[in-house]
Structure formats: structure tokens, C-alpha cells
Amino acid sequence: MLIAQLSDPHIRLPGQKAYRVVATDAFLPPAVAAVNAQNPRPDVVIISGDLTDFGRPAEYAHLKHMLDRLEMPYLLLPGNHDDRDALAQVFPDHAYLKGADGYVQYVVEDYPVRIVVLDTVVPGQSHGALCERRLGWLADRLAETPERPTVIVMHHPPFNTGIGHMDRIGLLQGAEALARIVGAHGNVERVLCGHLHRSIQRRFAGTIAATCPSPAHQVALDLRADAPSAFVMEPPAFLLHDWRDGGLVSHLAYIGPYAGPYPFHDGGALIDV
């Protein structure tokens, strides 16, 4: 099984630029093409939040037009820039967006790896939280199939990254309780997150929690506690999570035309001159 993870496209209306700089809708079609071009082709695409920049219905409609070009199923979850109701309204064929108990939380059982989506959104706020209801739902879902390999997908990562301005709007409630729940289930292969616009990994509760870069702009890598809130136009990228040999292997995949591939060998010998 191969999972492609996109995150944080921050789609605005056609021609509009996010933060006066990034025409985010120009970056998503190449990302879709890059996912479609993978060989082997991913079985499913997960887009881990901040789907649009302001959560407006017209932004979601523009997003849907581009995502519908994916040649495999895709799954959505909201981030802090999203609006749950507008998202569900524009994607009525994604019935799971109606969620559980008011949250966009759901389980996908269709693949060798079980996908459990957790909602960390606090409406109107940039930070994330996991309340008792959301955590209780997760505990119940994990208890259903304790032996089945599972990935948990959520927008805000459950760990501090060292990028101070992002940590101040990270998962500010529920991370310790989440760690206790995850730590009690050795079948959790990954906790896949967005929000950071970078590829970051940390050991978490006996598994690995990781964040995904954006197909557009990336958060500046500045580990000072007082680092300003800023972004850079580093290469856009996504993640590929490959289930093989009883484990999940994750790869960073850059988006765009780059030179190569070139051979290492000629006639069976390593190229010298």
C-alpha cells in the first residue's frame, strides 16, 4: 500500500496571492500531476489540513476543481485555516466530512493500513486542541482493532518543533493525553500531521510523529525562540508512506522539474570519466 500525503495548500481564489506573495493555486496542479505520475501509483491521497486560506466556499470550490484531477481517491481533513461546514458543503460526495459528534473524525478501513483521522481544530483560532470527546473517540476506535496497523492523521503536530512562532500555535491542549492513548497501542505506525509546512519527525509515544511540507510555501527554518513568523519559497514537496515488510517507510518527494535521473553505472561499472 502506498499513501501520498499532501498538506497545507492554502488555496485562495484564482489569481489571488496568499500574504501578497504566493499564488497558491498555481502550485497545487503540479503537485497533483506529481502524485499521478508516481509509479507505483498511490492507493490514496491524504491532505492534512489548511486546505484553503480563509475557509470560504469559493476557495473550496476552486480546490475541488483541482483535486478532482487526482487519479486515485483522496481524503480531506480541516486545519486551522478551514471551516468545517463550508468544507462539507462543497464536498458533499465526501460523506465522512459530516464527522463524529461535531468533529471531522472518521476511519477508513479499505486498505491494509487503517486510517484514523482526528480533528484538532479550534474554530477561529490558530492553535489546536484535543478535548476529552475527541480523545475518547480515538481511544474507542483504536480499541476496535488493536492488532491492525494504523496511521493517525491530524493537522496540528503533538510535539514542539523548536520553531517558536509555530509552537505557540501548535497543539496546546491534549498532547499528553494523546500520548497515553497512542502509547497503549503498539499498532500505531505513524501520527501524520501538517501545519508546519516542513518535513519534521519526532519519536512520540512509541511511534513516529511527522509533519508534511506544503506544495506551495514553507515555514522558514529558524530555531530561535523569538523567530519571526515568516515563510520561504523552498522547493514544494509531499510525502509518500510505503507499507512494506510489516512497516511504514516514509519518503520526501519534491515537486517540480529537476534534472535527471542520471545513471550511476555504464556497462556495469561505476562511471569514472
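Cysteine 131 is buried, at 16% relative accessibility; buried denotes under 20% relative accessible area, exposed over 50% and partly exposed in between, with a 1.4 Å probe and protein chains only. The model is predicted, so local features need pLDDT of at least 70 and side-chain atom pairs count only at pLDDT 80 or more, while totals for chains, interfaces and linings use all residues. Residues are numbered from 1 along each chain as its sequence is written, and side-chain values use heavy atoms, with hydrogens and water left out.

A disulfide is defined as a pair of cysteine sulfur atoms within 2.5 Å. By this rule the count is zero. Cysteine 131 takes part in no disulfide, the nearest cysteine sulfur being that of cysteine 193, 17 Å away. The sulfur of cysteine 212 lies 10 Å from its closest counterpart, in cysteine 193, which is too far for a bond. Cysteine 212 is buried, with 0% relative accessible area.

Most peptide bonds are trans, and most residues other than glycine have a negative phi. A cis bond links asparagine 39 to proline 40, with omega near 10 degrees. Proline 40 is in the loop between helix H1 (24-36) and strand S2 (44-48); helices (H or I, at least four residues) and strands (E, at least two) are DSSP runs, numbered from the N terminus. The bond between glycine 260 and proline 261 is also cis, with omega about 5 degrees, and proline 261 lies in the loop between strand S15 (247-254) and strand S16 (265-266).

Aspartate 8 has a positive phi, near 55 degrees. This residue is in the loop between strand S1 (2-6) and H1, and aspartate 8 is buried at 0% relative accessibility.
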